[in-house]
Amino acid sequence: MGNLKLKGKDILKLGYPNNQSVNIALEVMKRNFATKNIHHVKSLLKEILMSPENFEKDLAFGQIAEALLSSKKTEKRMLNTQRASFQVFGNNISEEAKNQLYTALKLPVSVQGALMPDAHSGYGLPIGGVLAVENAVIPYGVGMDIGCRMSLSILDTPISYLDGAKDKYEKALAEHTKFGMYETHKSHGEHEIFDRDTFDLIPILRRLKGKAIKQMGTSGGGNHFVEFGEVEITEEDVQIGLPKGKYLGILSHSGSRGLGAEIAQYYSRVAMEQCPLPKEAQNFAWLDLNTHLGLEYWTAMNLAGDYASACHDDIHRRLVKAVGGRVKARIENHHNFAWKEIHNGKEVIVHRKGATPANENELGMIPGSMTAKGFIVRGKGNPESLNSASHGAGRAYSRGECRSLFTQNDIKKELKLKNVILMGGNAEEAPMAYKDINEVMNAQSELVDILGTFQPRIVRMDK
């Protein structure tokens, strides 16, 4: 905690009530002002005590002000007996995934939900789950990898280069992409995100800034990838601005790395303490957006989303520099996030955990597997899906099942059949682990229009 010699009795002497506000004040001051003079810290605490309403929205002191203004006890929340309205898209969805959504729909804050055709079970909300709530945010509803996203760059390079200069593209992926917990780049370009004062205003972000700088431009493990492939534009769209035809593309899938994971873990734990729920619903603990902690998480989540986007920019910049060519179009969308949106004339917080935003005319990229085509899409803004679509093909088999079902030989056969080179990867991400992307796309024809495809050719994943 640093060397601040502040004790609870010092805070009581200042006139603080003998309740939770003392512990909170102690924790906040030791966390934020560990190296400051004790007299300075006491004068700040006195100032907050005199006028807590002036500090309610302050990112450093809001939690103390809130404790002073509120004497409410933490009461266990009960679930509603009725579910909020919902829609399920697609048929090939496990009962476990459906039941996870049904539990979420009984939360007192829930307004509406939907399940995408790639859905499978997860922690809290299922992957492919969409949930709209009133004035609250659920850390586990956003997920552990905040702002995880797809990013596609379409280059002006002739598609024939993928075969003719295959070695160059393999070398670029080997040398300029980094995966997993330990690989990092030797040098880091400047990025405006690290100049933001948000990193200094919230203690957990201040602590994680060094890690975020170190992991900039890297990708996670598991199903995250960077790949070169063949883009085919089948429908012209003014936003893409390219004629029909085939192009060389770079597609990446990754999120906010250690920064997002630690934000998620910390605020999930805090939410469970603040918002006790029945056992089957404890992963749906929420933070009220009128509270300091709710505002703090919302701020941290948005920073993590922007950081994830910055990582993709860095990945694509490095690869384009290595292989040449110019970027003619860029399509990017995220999942594992919460948005403030208007639905049925009312502002709600929409959580999309493994679901793509598909507002009217919004572009997105829905991948298949390491060998299956992905799809460039344009959203239709369907209110029944809360303007959402799937974020991929979805798993047909769990990671554990894949390890016992598929061998390296099975994967090699499939790669050869589809003319795909794989660098890294393992049985958990075998092409056969995923649902048929064509079936998934057919199940969401009311949610998106298809503008083109992306066929992976050279794929790099974690080892």
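Is Asp-145 buried or exposed? Asp-145 counts as buried, because its relative accessibility is 16% (buried, under 20% relative accessible area; exposed, over 50%; partly exposed, in between; 1.4 Å probe, protein chains only). The model is predicted: local features need pLDDT of at least 70, side-chain atom pairs count only at pLDDT 80 or more, and totals for chains, interfaces and linings use all residues. Residues are numbered from 1 along each chain as its sequence is written, and side-chain values use heavy atoms, with hydrogens and water left out.

An unreviewed UniProt entry lists Asp-145 and His-224 under "binding site". The two are spread over 80 residues of sequence but cluster in space, with a largest C-alpha distance of 11.0 Å. UniProt positions follow the numbering used here, feature names are shortened, and annotations may be inferred rather than shown by experiment.

Asp-145 sits in the loop between α6 (139-142) and β5 (149-155). His-224 occupies the loop between α10 (203-215) and β6 (225-233). Helices (H or I, at least four residues) and strands (E, at least two) are DSSP runs, numbered from the N terminus. His-224 is buried too, at 9% relative accessibility. Beyond four places in sequence, its contacts (heavy atoms within 4.5 Å) include Asp-145, Cys-148 and Arg-460. Asp-145, with neighbours within four places set aside, contacts residues including His-224, Arg-257 and Asn-336.

Asn-336 lies in the loop between β9 (327-334) and β10 (337-343). Asn-336 is buried, at 11% relative accessibility. Its phi is positive, about 55 degrees, although Asn-336 is not a glycine. Most residues other than glycine have a negative phi.
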